[in-house]
Amino acid sequence: MTHTRPIPPQAARQLEALLPDLRRVARYLTRDREAADDLVQDIVLRLWGRMADPGQDPIDELRHYAFSALRNRIRDRGARLAAEAWLMPVSSDSDAGAALQPASAPEAPARLACAETLAALDDLTPDQAELLRLRAVEGLSYAEMARRLRVSEGTVTSRLSRARAALRKRLDLAPDAPVTFLID
């Protein structure tokens, strides 16, 4: 018999409130509505299972945990799909003689760009990555970020500017290229 702990109504409401934001980010990053909805459903089911499992520690910051889980799933999925999309076996008479050739999947470049952007974001300093995630993924305003980080709005503005510049450099983009669309 499997034991579960009851999920507090407040946690269930928090998870439900996260759905639109999780879907928005997943749809943007995957560029595929069905795939994004599948990913979000998977994340929600995993979170629900974890919250109901008495052997697991409670999740302190559900929003942060959910978006981290989503990013990880998209990164893993993106890397797998990019590899599958670019190198698919060419059918032949024998499986042993199957060669690999580039696939003609039109969404492969977008998926590769998503994986590359997420990897570049992970290569930033933790403070820079956090600022970009707070702004792009969680959708916090500069004032909300300043309150959360306990710094002034001006500090948030300058640090966010440096984080965007670092992301541009990591992605080999022009110094004036917008990067917000990459992670919004």
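Me: Which helix does Gln128 lie in?
Reply: This is a predicted model, where local features need pLDDT of at least 70, side-chain atom pairs count only at pLDDT 80 or more, and totals for chains, interfaces and linings use all residues. Numbering starts from 1 along each chain as its sequence is written, and side-chain values use heavy atoms, with hydrogens and water left out. Helices are DSSP runs of H or I with at least four residues, strands are runs of E with at least two, and both are numbered from the N terminus. On that scheme, the helix holding Gln128 is α5.

Me: Is Gln128 buried or exposed?
Reply: Buried means under 20% relative accessible area, exposed over 50%, and partly exposed in between (1.4 Å probe, protein chains only). Gln128 comes out at 19%, so it counts as buried.

Me: Which residues is Gln128 in contact with, leaving aside neighbours within four places in sequence?
Reply: Contact here means heavy atoms within 4.5 Å. With those neighbours set aside, Gln128 touches Arg162, Ala163 and Ala166.

Me: How is α5 placed relative to α6?
Reply: The axes of α5 (residues 126–136) and α6 (residues 142–149) come within 10 Å and cross at roughly 135°; axes are lines fitted to C-alpha atoms, for helices over the stretch in contact, with angles from 0 to 180 degrees between N-to-C directions. Angles under 35 degrees count as roughly parallel, over 145 as roughly antiparallel, 65 to 115 as roughly perpendicular, and the rest as oblique. That makes the placement of α5 against α6 oblique.

Me: How many nonpolar residues does the contact of α1 with α2 have?
Reply: Residues on the α1 side include Leu15, Leu19 and Leu22, and those on the α2 side include Val40, Val44 and Trp48. By class there are one polar and four charged residues, and the nonpolar count is 13.

Me: What share of the chain counts as buried?
Reply: The chain comes to eight helices and two strands. Of its 184 residues, the buried share is 36%.

Technical notes
Nonpolar A, V, L, I, M, F, W, Y, C, P; charged D, E, K, R; others polar.
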